[in-house]
Amino acid sequence: MHKFSILLGAALAAAPSLHAQWNQLSPGSAPSPRGGAAMTFDGNSQQLVLFGGSAGFSYLSDTWTFDGEDWTQITTATLPAGRADTGVVYDAARGVALMYGGNIGGGPWGGPADDTTWTFDGTDWTQLQPANTPGGRALHGMAYDTSRGVTVIYGGVDDLAFPIARAETFEFDGTDWTQVTTAASPGP
């Protein structure tokens, strides 16, 4: 055994046991109550970014940041339509929050958005115009793959009134969406 391994083992054995703990904060300002909002951690600003959500049958189109102590509403020149059940991730390669899809309203069940891809740079929203998109969808999984520098979307539904769950995978490389065929799938 190496000296480092022995020292590390001894240090870990002597360290106090860590337990997860929730602490309720009382920020001076905060977003209104809502469901289905999108949120990601912005690596540039080191803050959480929250967009939209729904309050009853109203779809919200506000942007908020949280610095660990307080929420701040961001006023932007450009704003995506209000939506809930969308996906947003922090795209580290491009230094922006990336948002796609979501439920944009139109009655009690709404309709999934296919208004392309949006980015938030900490100051303003920009609507991108990729040649291909995953199509209108909501309730999809969305993650950023740091090793490959792409955003991945999986599944979702394309009609909330008569939901048909999707089992497709798409990747965004900063320019365009590409459907990816995989050997196996978790299913809809």
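**A tour from the whole chain to one buried threonine**

Followed along the sequence, the protein chain runs α-β-β-β-β-β-β-β-β-β-β-β-β, that is, one helix and 12 strands, where helices (H or I, at least four residues) and strands (E, at least two) are DSSP runs numbered from the N terminus. Please keep in mind that this is a predicted model, in which local features need pLDDT of at least 70 and side-chain atom pairs count only at pLDDT 80 or more, while totals for chains, interfaces and linings use all residues. Residues are numbered from 1 along each chain as its sequence is written, and side-chain values use heavy atoms, with hydrogens and water left out.

Begin with the whole chain selected and its surface shown: the accessible surface comes to about 10700 Å², and 56% of this belongs to carbon and sulfur atoms, with areas taken from the Shrake-Rupley method with a 1.4 Å probe. Of the 188 residues, 40% are buried, meaning under 20% relative accessible area.

Next, select residues 38–42, strand β1, and residues 47–55, strand β2, which pair in the antiparallel sense over five bridges; two strands count as paired if DSSP finds at least two bridges between them. Within this pairing, M39 has L50 of β2 as its bridge partner. Four residues separate β1 and β2 in their hairpin, and Q46 in the turn has a positive phi of about 60°.

Is T63 buried or exposed? T63 is buried, with a relative accessible area of 0%. Leaving aside neighbours within four places in sequence, T63 is in contact (heavy atoms within 4.5 Å) with residues including V49, L50, F51, F120 and W125. The side chains of T63 and W125 are also joined by a polar contact of 2.8 Å, a term for a pair of N or O atoms within 3.5 Å, one able to donate a hydrogen and the other to accept it.

Finally, move to the open sheet of four strands, whose order is β9-β10-β11-β12 with antiparallel pairing. Its edge strands, each pairing on one side only, are β9 (141–145) and β12 (177–180). Inside the sheet, β10 (residues 150–154) and β11 (residues 169–172) pair over four bridges, and I153 stands opposite F170 in β11.

Technical notes. Buried < 20%, exposed > 50% of the residue type's maximum accessible area, 1.4 Å probe, protein only.
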